[in-house]
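Please read the following note beside the sequence and the structure.

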Amino acid sequence: MKKTTLALGLAGALAALPAQADDDRFVFRIGAMHADAQGTLSAGTQFAGQPYRFEQDFDFGGAELVPRGEGLFKFGDRHRLLFNYFNYDKDRRETLDQAISFDDITIPAGSFAKAEAQFELAGAVYDYAVVETPTTSLGLQIGVQYAKLEARLHAEAGPYRYQDRAGDDSYAPVVGLRWTASPNDRWRFVVQGQYLNADWGNFGDYEGDISRANAIAEYRFTERFGVHLGYDWFRIDANRSGRDGMLGLDQRFKGPIAGVTFAF
């Protein structure tokens, strides 16, 4: 009798727990990121017969609201496919209020430099949960990431003009780590980090890497619909050398994210 009572008690306790930390088969999170972009744009070239190196910190004039999306397909107790998408495109122009002279070169007032940065990231990773409990999941990720990076610099100083573009897109392997917690049916917390090195793919003359980390808290109003809030962070460290000189971009994106969640 005691054994039967104990067995029934254990069965009832297990039944009260959620099946897994993330028991949805399909999840789509659609929203936006209030992206604050800060970075350093650098270039090296010949200006008026003299070697010249330009390096300037750019904040691109404040935060920008950019689209963001991710999806999940769970096809086993420990197996998931994750998808993500992010796009950022903005420019900034700086004009000299007064002339600047160095050696025998004078850059007149009214000269300007305009920088534009465009970054697009989309990928798919396979996620294997090395830990899978009723409330917690820890996954290792490996997959492929599409990255498009384009930076333009246009400068005019009196009769001189300088224009350069660094841009390429390619696919490369990416590795990552994910942690998910679901203390009850309403709440989910997800933390992820991913890393890509340009040497792993075919990015032409580019060298550098891309790092990303994000965290979200999600609340489900129903089993199939909810909202999420969180924070996202990217860093792109890329440079390209060519016959006309060197152009480099060390760019960081960070900011809060918000959106809706659909689960099936």
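1. Asp185 is found in the loop that joins strand 9 (160-181) to strand 10 (187-197); strands are DSSP runs of E with at least two residues, numbered from the N terminus. With a relative accessible area of 60%, Asp185 is exposed (buried means under 20%, exposed over 50%, partly exposed in between, with a 1.4 Å probe and protein chains only).

2. This is a predicted model, in which local features need pLDDT of at least 70, side-chain atom pairs count only at pLDDT 80 or more, and totals for chains, interfaces and linings use all residues. Residues are numbered from 1 along each chain as its sequence is written, and side-chain values use heavy atoms, leaving out hydrogens and water.

3. Asp185 also belongs to a negative surface patch, together with Asp23, Asp77 and Glu223. Patch residues have over 30% relative accessible area and no salt bridge, like charges being joined within 9 Å; a salt bridge is a side-chain nitrogen of Lys or Arg within 4 Å of a carboxyl oxygen of Asp or Glu.

4. There are 14 aromatic pairs, counted where ring centres of Phe, Tyr or Trp (its six-membered ring) lie within 6.5 Å. Phe26 and Phe73 are stacked, because their centres are 5.0 Å apart and their planes stand at 15° (stacked means planes under 30 degrees apart). Phe26 is in strand 1 and Phe73 in strand 3, so this pair ties together parts 47 residues apart in sequence.

5. Phe221 and Phe225 are likewise stacked, at 6.2 Å and 25°. Both are partly exposed, Phe221 at 46% and Phe225 at 32%.

Methods. Patches are made of residues with over 30% relative accessible area and no salt bridge: like charges are joined within 9 Å, nonpolar side chains (Val, Leu, Ile, Met, Phe, Trp, Tyr) within 5 Å. Accessible areas come from the Shrake-Rupley method with a 1.4 Å probe; for residues, only the protein chains shown count as cover. Lys and Arg count as positive and Asp and Glu as negative; His and the chain ends are not counted. The place of a charge is taken as NZ of Lys, CZ of Arg, CG of Asp or CD of Glu. Helices (H or I, at least four residues) and strands (E, at least two) are DSSP runs, numbered from the N terminus. Rings of Phe, Tyr and Trp (its six-membered ring) pair if their centres lie within 6.5 Å; planes under 30 degrees apart count as stacked, over 60 as edge-to-face and the rest as tilted.
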